[in-house]
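Please keep the sequence and the three-dimensional view at hand while reading.

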Amino acid sequence: MIDPVPATLPVAVPVEAVAPLMRGIAVLRQLTESGGTLSLSGLERATGLARSTVDRITATLARMGYVRLDGRDAVLTPRLMELGNAYLAALRLPALLDVHADALADELDESVSLAVGDRDGIRFIHQATRRRAMSLSFRIGDLLPAERTAPGPLFATEWTPADWHRWRERRAADPTDLGFPAVPPRTDDTGADFEAYVERARSDGWALDDQLIEPGLVAVSVPVRDPRTGRVACVASVVSHTSRRTTAGLRDDLLPRLRATVAAMEAELRAQPQPSSLAPPSGLAAWTGASKQELGREFIESLARGLTVLTAFGESRADLTLTEVARATGLARATARRALITYEHLGYVGTHGRTFALTPRVLSLGFPPLSRTSLPEIAAPHLAELAGRVDESASLAILTEDSGPGSEAEIQYTARVATRRIMSAHITVGTRLPAYPTSMGRVLLADVPEGRLTLPPLPPLTPHTVTDPAAFAGVLAEVREQGYALVDEELEEGLRSIAVPVRDRTGRVVAAVNVAMHTTRRTAESCVAEVLPELYGTASRIEAELRTAGRFTRVPLA
C-alpha cells in the first residue's frame with residue numbers, strides 16, 4: 001500500500017461509485033508504489049484484477065498519455081503529473097512560497113521543505129535540497145507518519161477526536177509503518193509519546209525532529225498559517241544531518257531564520273488576492289467519446305472521464321460546485337457527480353457544503369516517482385520513436401555548464417538512440433563536442449542573448465567548417481529565424497545532421513534534438529522535407545511533458 005489503511009471497519013462503497021474508476025486508481029497506485037514501472041502480470045497479482053481488466057485499464061491510461069506500454073511493462077509518464085499539478089495549483093502554496101523556501105535553503109546551505117497535513121500523516125509539496133553525498137531523498141508527494149516528523153505535531157495541534165482515534169487505530173494496525181514506504185520501517189516505540197510532543201509544539205509554536213525517521217536526520221519546523229482562518233496552511237522545515245548540526249544548533253542558529261522566512265511567507269499569503277475566474281470547458285469529454293468510438297471495448301470511457309474530473313480543479317478553481325465541475329470538464333452533471341462520489345469515498349476529494357476540493361492524496365497518483373524525472377528520461381521514449389520513424393540515429397544534447405564567455409562552448413549528449421548500421425557515428429551519452437560545428441550546438445547557441453555570447457577562435461575541422469566570426473554570427477541569426485539548424489560535413493566529412501530546439505515552460509531553449517546520418521543516405525533537401533517535420537513533432541511532445549513535469553518540480557537537464 002502507498003497510504004496506511006485505518007483499522008476501522010471498511011466503509012461501504014457507495015452505490016453510485018464508479019467501479020472502473022476505482023480499479024483504474026488501484027492500478028495507478030500500484031504503479032506508483034513500484035517506482036513507476038511494473039509488468040502487466042505484476043499489476044494483475046498486485047491488484048487482484050483479471051488480466052483482461054488490467055489490459056483494458058492500461059490501454060485506456062496509455063491512450064490518455066498517463067502510461068506508456070513498453071513490451072510487457074506499464075510505465076508511468078510525466079503527463080500523469082497533471083493530476084498532482086491540479087492539486088498543487090489549487091492549493092497555490094508552492095507557487096507563492098517556493099521562492100522563500102529556496103532562498104532560505106541557499107542562505108543556510110541546508111535542505112528546506114514545505115509539507116501539508118494528510119489525515120494522520122504529512123505530505124511534501126516542495127523540496128529545496130542540497131547536493132551532497134548524504135542528501136534528503138524525500139520526494140514531492142511522499143507521505144510520512146505524523147509522529148515521526150517535525151511537521152507532524154504542528155498539524156496534530158488541530159486534530160479532532162476523530163483524527164486522534166484514526167491515528168491510534170493506524171498505529172495499532174501498522175506497528176512498523178509499512179504503510180509508509182517513504183520511510184524506513186519502525187523498529188522501536190518511536191512516536192509513543194506523540195501526544196506529549198504535540199502539546200509541547202502547541203506551547204512552543206515550533207517542533208524538532210531528533211532522528212525520528214532515521215539516525216542522523218534532524219529537522220526544525222514552524223507552521224505557516226492561513227491569514228484568513230489562522231489555521232496551519234503548511235509547515236516549513238529546515239532539514240540537516242547530525243554531522244553538520246545538532247538539534248540544539250538547529251534551535252539556536254536556524255530557528256530564528258526559519259521564523260523570519262515563515263513571517264515573509266505569511267505576508268505573501270496576506271498580500272495575494274483570492275483568484276476568482278474559472279477556466280473554460282476543456283473538451284475532454286468529447287475526446288473520451290471519440291476515443292471510445294475508435295478503440296471500442298479496449299477503452300474504458302468511465303475511467304477516462306473520471307480522471308478528467310481531477311483536472312477540473314486548479315489555480316482559481318480550488319473549490320468547485322458540481323455544476324462548475326461539469327462545466328469545466330464538459331461532462332454531464334450525473335457523470336461528474338458519480339466521479340466525485342467515488343473520489344470522496346477514496347479520499348481524493350473533500351466536501352465543504354456544496355463545494356468539492358482536492359485533497360493531498362491526489363499526489364499519491366504517480367507524483368513521487370515522476371517528480372524526480374530528468375529531461376533525458378522524458379526524451380528517451382520519444383527519441384526511440386523518432387529513430388524508428390526516420391531510420392536514423394536521434395540524440396538530445398545540452399550546452400555544458402562551463403560553456404561561457406572566453407571558453408569553447410561545448411554540447412554534451414544526454415540521451416541517444418542509435419540505429420544499427422555499418423556506417424554510423426560512434427557517439428555515446430556523455431560525449432562532448434564543440435558547439436559551433438554541430439547542429440544541436442548552433443540551435444543552443446542561437447538562443448544565447450546577443451552580446452552575451454563570446455566565441456574563441458573557431459578552428460576548421462573539415463574544409464566545410466564555418467570559422468569566420470561574422471559568417472558564423474550570420475549562421476546563428478539564420479538558425480534563430482528559421483527555427484532549426486542543418487549542418488553539412490562541418491564536424492566531420494560525410495556527416496550531415498539537422499536539429500531543433502527544446503524549450504522549457506518559459507520559452508528558453510534548454511536542449512536540442514537532432515537526427516544525424518551519412519550524407520549518402522539523405523540530401524539536405526530531403527532532411528528538411530522529411531526529417532524536420534518529425535523532429536518538430538518529437539520536440540513538441542518532449543516539451544509538453546517537460547512543461548507538465550516542470551510546473552512544480554525542477555527537472556534535471558542531464
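## The surroundings of Arg171

Which residues does Arg171 touch, not counting residues up to four places away in sequence? They are Glu147, Arg186, Asp189, Thr190, Gly191 and Ala192, where contact means heavy atoms within 4.5 Å. The model is predicted: local features need pLDDT of at least 70 and side-chain atom pairs count only at pLDDT 80 or more, while totals for chains, interfaces and linings use all residues. Residues are numbered from 1 along each chain as its sequence is written, and side-chain values use heavy atoms, with hydrogens and water left out.

Arg171 belongs to helix H7 (residues 161-173); helices (H or I, at least four residues) and strands (E, at least two) are DSSP runs, numbered from the N terminus. With a relative accessible area of 12%, Arg171 is buried. Here buried means under 20% relative accessible area, exposed over 50%, and partly exposed in between (1.4 Å probe, protein chains only). The side chains of Arg171 and Glu147 are joined by a polar contact of 3.3 Å. A polar contact is a pair of N or O atoms within 3.5 Å; within protein, one must be able to donate a hydrogen and the other to accept it, and residues adjacent in sequence count only if both atoms are side-chain atoms. A polar atom of the Arg171 side chain also lies 2.8 Å from the backbone oxygen of Thr190.

## Thr149, a buried loop residue

Thr149 is placed in the loop between strand S6 (143-145) and helix H6 (151-156). Is this residue buried or exposed? Thr149 counts as buried, because its relative accessibility is 2%.

The side chain of Thr149 has polar partners in the backbone. One of its polar atoms lies 3.1 Å from the backbone oxygen of Ala146, and the side chain reaches the backbone nitrogen of Gly152 at 2.9 Å. Leaving out residues up to four places away in sequence, Thr149 touches Ile122, Leu144, Tyr197, Asp209, Leu212 and Ile213.

## Positive phi angles

Asp177 has a phi near 65 degrees, a positive value in a residue other than glycine. Asp177 lies in the loop between H7 and helix H8 (194-204), and it is buried, with a relative accessible area of 1%.

Ser316 also has a positive phi, near 75 degrees. Its place is in the loop between H11 and strand S10 (320-321), and at 18% relative accessibility Ser316 counts as buried.

## Nonpolar cores

In soluble globular proteins, nonpolar side chains tend to be buried together. A nonpolar core is a set of buried Ala, Val, Leu, Ile, Met, Phe, Trp, Tyr and Cys residues joined through side-chain atoms within 4.5 Å. The largest such core has 113 residues, of which Leu61, Leu97, Leu307, Tyr343 and Leu396 touch the most other members. Helix H18 (residues 524-549) gives the most to this core, with 8 residues. Apart from it lies another core, of 27 residues, including Phe180 and Tyr197.

## Two pairs of helices

How do helix H3 (residues 51-63) and helix H11 (residues 301-310) cross? Their axes come within 9 Å and cross at roughly 45 degrees; axes are lines fitted to C-alpha atoms, for helices over the stretch in contact, and angles run from 0 to 180 degrees between N-to-C directions. H3 and H11 are therefore oblique to each other. Angles under 35 degrees count as roughly parallel, over 145 as roughly antiparallel, 65 to 115 as roughly perpendicular and the rest as oblique. Ile57, Thr60 and Leu61 in H3 meet Leu303, Ala304 and Leu307 in H11.

Helix H1 (residues 19-33) packs against helix H2 (residues 40-47) at an angle of about 110 degrees, with the axes 10 Å apart. H1 and H2 are therefore roughly perpendicular to each other. Ala26, Val27, Gln30 and Leu31 of H1 make the contact with Leu43, Ala46 and Thr47 of H2.

Helix H4 (residues 81-91) is largely enclosed by the rest of the structure, because 9 of its 11 residues are buried. H4 is followed by Arg92, whose phi is positive, near 75 degrees.

Arg92 and Leu96 are in contact with Gln272, leaving aside the neighbours of Gln272 within four places in sequence. Gln272 is found in the loop between helix H9 (247-271) and helix H10 (284-295) and is partly exposed, with a relative accessible area of 25%.
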